[in-house]
Amino acid sequence: MSLSFSGGKHIPGYKHLTQDLPVVTMAAPAEVIIPLSQHTGAVCKTLLKKGDKVKVGTKIGSSDKLISSTVHSSVSGEIKAIADYNHPVLGTSIAVIITSDGKDELDASIKLRGSVSPLGKEELLKIVKESGIVGLGGAAFPTHVKLTPPKSIDTLLINAAECEPYLTCDYRIMIENPNEILKGINLLKKILGVKNIVVGIEDDKLEAISVLRNKIIAKSYSIKVQPLKTKYPQGAEKQLIKAILDREVPAGKLPFEAGVVVINVGTALALYEAVYLGKPLYERIVTVTGKSLRSPANLKVRIGTKFSDLIEFCHGTSTAASKVIMGGPMMGLAQFSTDTPVIKGTSGVLVLSEKEAPDYKEGPCIRCGRCVDICPVGMLPFALSMCAESKMLEQAAQYNPRDCIECGICTYICPARRRILESIRLIKAVAK
Amino acid sequence: MKGIILAVLSLSGLSFAFGLLLAWVSKKFYIKLDARVAKISDLLPGVNCGACGLSGCSSLAEALVGKKADVNSCTVCAADSKEKIAEVLGLSASDIKEIKSPIAVVACGGGKRAKDKFEYRGLMDCRVAHNNMRGHKLCSYACLGLGTCVEACAFGAIVMTEDDIPVVNPELCVGCLKCVEACPRDIIYMLDRKKKVYIKCRSHEKGPQVMKSCKVGCIGCMKCVKICPVKAITIEDNLAVIDHKKCINCLKCVEVCPTKAIAVV
């Protein structure tokens, strides 16, 4: 039986555009822009300077802060500049711009590990940190921090729900690389020392469920694959925990408070590659899709490839694009330029047509209550939106704005097209 | 019938007993209120701006009666109501001094002249716009011009000009810091009323970068530093900074600034 949480809604997926297209590896572009801030936490510092030679996988930035990660070069070549550049989340951020020499030489540090079983927990964590592995679902939280929870935990959840419409990158890797993913999950199991492991997949991805189940049976791993109801936001961390384990994570707290660690399925694959192949995180799968695009695809691209290069690789646009979004259409961020690099948290690049992303006019709240019915955390979104409209920002605190996970389903469902999520963000910004 | 009489009697008995209890409690635990607090509260402006450093007008009234605050702490009060407050408190007219609060100035002259990075279509509030990719202006220090400070001002002292830049009316500003708190870009700051000159830019970008995004920003050209007779201006991290303790209001820097980034209040 498919499990779920209360609230949320099945929304049109548009996954058919890319779900049956195998992952295509895109050649390294002539120039990559690698922002030094690709993750939640402190910005990396670089020891390199203009003119330095780098190879694929050379470490170009690191930080000694606890919540941070490392950044690696994704091409071999020469550093053209270290300067501010467009950033898909921060607007502008300091980045290392590297011109490729076309040779694609691997750094000397990248080599296959003969045997993995003697590696202990500490050694594995060190590999995770040094390989720059962060959560690939979108928020890019440093994985080595997640894997050292301050409280004891009993369950590891693998998030393969992929509830955002359009995106199919996680679905493709589950079909194409199930063995690698399962090996990655076993490494996570070793690091965390947990027995209970559940992979949560939405029930519209039946093929992925059966592929993973067959592999698990063949290898007799003790991993459970749990189908989940197809609805948004099923892949939100707290909703996933509620659906599978029926546990609730308090507002503003992390999942370890409920004894759980949630890792994205793509992160498990990246962990496998880092440990078995010695490969740092310098490339990822990106779903490039949207009805404006001539040929949507799932691409394996180097971190730092420009969005314009991806769009060009997909043969450009057939109709004028109205919006380019990084991530999914619900929680992704609209971009102001395609001269923006892919970062570790880029799960998709959507090139949406006028029809898919029309410009709506906001109307008054008609108190229909649809946002209350649908809110996955049981808030009163309409009340918050009206507080923001009438500038009663302090009074809005009684509606617990901090509970909001910013999934955006209230704004999606609103028949008056009110900008509810933005209002809640305003209230949150003032309450800080 | 008997039942009803019983109910009426028992309930009236109970209410009489509770009434007696309440009467006794209100006598026993009576808190003597100072009538002056209410009087002063009425005389204070009642906008709860917080310029006195307390949470609102009623807490200032309490502090005044409790001799924890000075009669001059309210910078908003009109002179005659201040006299009346002094009268209530039993102070003489000589205790009243006219305190001139510092005024808010907006350290950005960009507005429409500062180029946009992209067109912003979200909620018209600077705090939301700033959190979305750090604002829609090419200059990451620039005023976003959506009027959050205008809304924050309880005295109507800030107005938006045609150039989409807020301007503070020194006559109306009481120095309550509400606009400073509201501005997500940190470009409103307080200036002593005696001082006339301030830098109308907060950009720490290098000169050419400033010129690219806006024509009225500080480019760090050092002209003002050289001309200042009292050496009150320095360039810190590509931005001119005036030491207001040294400034003598000679306005020479205003004349010499090539981008008009130094302004007069």
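**Notes on the helices and the chain contact**

1. Let's start with H4(A): its 15 residues should span 21 Å at 1.5 Å a residue, and its end C-alpha atoms are 21 Å apart, so the two agree. The expected span here is 1.5 Å times one less than the number of residues. Helices (H or I, at least four residues) and strands (E, at least two) are DSSP runs, numbered from the N terminus.

2. A word on the basis of these notes: this is a predicted model, in which local features need pLDDT of at least 70 and side-chain atom pairs count only at pLDDT 80 or more, while totals for chains, interfaces and linings use all residues. Residues are numbered from 1 along each chain as its sequence is written, and chains are lettered from A and ligands numbered from 1 in the order in which they are written.

3. Which residues of H4(A) are buried? Among them are Pro178(A), Ile181(A), Leu182(A), Leu187(A), Leu188(A) and Ile191(A). Buried takes 20 or more other C-beta atoms within 10 Å of a residue's own, exposed 12 or fewer, and partly exposed lies in between, with C-beta atoms placed from the backbone. After H4(A) comes Gly193(A), with a positive phi near 65°.

4. H4(A) also packs with helix H1 (residues 121–130) of chain A, at an angle of about 125° and with the axes 9 Å apart. Axes are lines fitted to C-alpha atoms, for helices over the stretch in contact, and angles run from 0 to 180 degrees between N-to-C directions. That angle makes H1(A) oblique to H4(A); under 35 degrees counts as roughly parallel, over 145 as roughly antiparallel, 65 to 115 as roughly perpendicular and the rest as oblique. Lys121(A), Leu124(A) and Leu125(A) of H1(A) meet Leu187(A), Lys190(A) and Ile191(A) of H4(A).

5. For a second pair, look at helix H3 (residues 169–176) and helix H7 (residues 265–276) of chain A, which pack at about 50° with their axes 9 Å apart. H3(A) is therefore oblique to H7(A). The contact involves Cys169(A), Asp170(A), Ile173(A) and Met174(A) of H3(A), together with Val265(A), Gly266(A) and Leu269(A) of H7(A). By class, this contact has 5 nonpolar, 1 polar and 1 charged residues. Ala, Val, Leu, Ile, Met, Phe, Trp, Tyr, Cys and Pro count as nonpolar, Asp, Glu, Lys and Arg as charged, and the others, Gly among them, as polar.

6. In helix H10 (residues 381–389) of chain A, the buried residues include Pro381(A), Phe382(A) and Leu384(A). Their cover includes helix H9 (370–374), helix H11 (409–413) and H12 of chain A. Just after H10(A), Lys391(A) has a positive phi of about 60°.

7. Where do the chains meet? In total, 12 residues of chain A are in contact with 12 residues of chain B, contact being C-beta atoms, placed from the backbone, within 7 Å. On the chain A side, strand S7 (91–100) and helix H12 (420–431) each supply at least two residues. H12(A) gives the most, with 6 residues.

8. Finally, is Pro250(A) buried or exposed? Pro250(A) counts as exposed because it has 10 C-beta neighbours inside 10 Å. You will find Pro250(A) in the loop between helix H6 (237–245) and strand S11 (260–264) of chain A.

Methods. Contact = placed C-beta atoms within 7 Å.
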